[in-house]
Amino acid sequence: MRVSTSKSEAMVLDRKKVACTLQVGGEVLPQVEEFKYLGVLFTSEGRMDREIDRRIGAVAAVMRSMYRSVVVKKELSQKAKLSIYQSIYAPTLTYGHELWVMTERAHRESGEEEDTTENPDPLSGRPTKITPRVQRQLIQEVTKDPTTTSKELQASLASVKVSVHDSTIRKRLGKNGLHGRVPRRKLLLSKKNIKARLSFARKHLDDPQDFWENTLWTDETKIEHFGRSVSHYVWRKSNTAFQKKNIIPTVKYGGGSVMVWGCFAASGPGRLAVINGTMNSAVYQKILKENVRTSVCDLKLKRTWVLQQDNDPKHTSKSTSEWLKKNKMKTLEWPSQSPDLNPTEMLWHDLKKVVHARKPSNVAELQQFCKDE
């Protein structure tokens, strides 16, 4: 190997300055206290103080640029920001690169923004397997069948030789506004039910506010002693799952229950009646007789008030229909299978919530709490 004396220098690694004459081909190489090699500053003292300070300065400059171009970008995910951080910040601190240039290109056609780096380009890497075409396929499949699972989507992509993790599929669908949710449960409606509901909606579309303010809504419900707990979670330590304070007690057959009839209007709740024994047309007519007129009076409804009830056989039986006609109680025609149209359902939900929060110790207390609330 031939050494070029014009490009060579000598340095002694020692904390004390030591003179060392090194000759190459009869020429003495100049002795220096420091020099750079592959971008790293070496000193004769063997210490890295200046080099570390230089790297920290370079990192600070990069961080300022990254904050403007990456950190404040809301459209970038946390994972993307972390990837950019690791591919730029760590190499700068380790090797002292100072030529990072943050640029931003606006894609006119797609309207998307891309953060890139030049000299060198640490963001270049393995391209995403979820190409725009694959993404469209995923969206089409879940739009056609919302019950499709991420595992099934993963298998579908595998059939066309696209191998991705199911979590990647969920994330990509989430970015397109499609999130996995527990489906709402709703009564199955026949075409006849749907037609009746639509007819009801059209018939009452233009009813004045006064009509609804003078409607007395009625319904029955069963409130169990050990109903659903208001709390969905408990704070507990490991291995304490079965401690009494951390469990929700359950008993067979609900531990007793109370069947109640209630009513309300826009102006507030009316009477609440406890149903003892089996509910039939005769019992129902007795409840109406003892509670409806009183509630109408208490709620100050006008003489044009209307009674709402569902299509339970006890409500629509021949004897009940005759009783209502005899007592001049006008009823609101109601479409079958339509509990979700009845605001009384929300009233029952609130009643059960506050009653169970009081933790009745027996059925007698349960009944009393229902009346109180």
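Guide: Two strands pair if DSSP finds at least two bridges between them; strands are DSSP runs of E with at least two residues, helices are runs of H or I with at least four, and both are numbered from the N terminus. This is a predicted model, in which local features need pLDDT of at least 70 and side-chain atom pairs need 80 or more, while totals for chains, interfaces and linings use all residues. Residues are numbered from 1 along each chain as its sequence is written, and side-chain values use heavy atoms, without hydrogens and water.

Visitor: How many bridges join S7 to strand S8?

Guide: Eight bridges join S7 to S8 (residues 257–265), and the two run antiparallel. In one of these places, Thr 221 has Val 260 in S8 as its bridge partner. S7 is also joined to strand S10 (residues 306–308), by three bridges, and these two run parallel. Here Thr 215 has Val 306 in S10 as its bridge partner.

Visitor: Why is strand S7 called largely enclosed?

Guide: Buried means under 20% relative accessible area, exposed means over 50%, and partly exposed lies in between, with a 1.4 Å probe and protein chains only. Eight of the ten residues of S7 (residues 215–224) are buried, so the rest of the structure largely encloses the strand. Trp 217 has 9% relative accessibility and therefore counts as buried.

Visitor: What makes Met 63 partly exposed?

Guide: Met 63 has 31% relative accessibility, so it counts as partly exposed. Met 63 is found in helix H1 (residues 49–71).

Visitor: Why is the pair of Phe 200 and Trp 334 called edge-to-face?

Guide: Rings of Phe, Tyr and Trp (its six-membered ring) pair if their centres lie within 6.5 Å; planes under 30 degrees apart are stacked, over 60 edge-to-face, and the rest tilted. The structure holds four aromatic pairs. In the pair of Phe 200 and Trp 334, the centres are 5.3 Å apart and the planes stand at 75°, so the pair is edge-to-face. Phe 200 is in helix H6 (residues 191–203) and Trp 334 in the loop between strand S11 (331–332) and helix H11 (344–357), 134 residues apart.

Visitor: How do you know that Trp 334 is buried?

Guide: Trp 334 has 8% relative accessibility, so it counts as buried. Trp 334 also forms an edge-to-face pair with Trp 217, at 6.0 Å centre to centre and 80° between the planes. Because Trp 217 lies in strand S7 and Trp 334 in the loop between S11 and H11, this pair ties together parts 117 residues apart in sequence. Ring pairs link Phe 200, Phe 211, Trp 212, Trp 217 and Trp 334 into a cluster.
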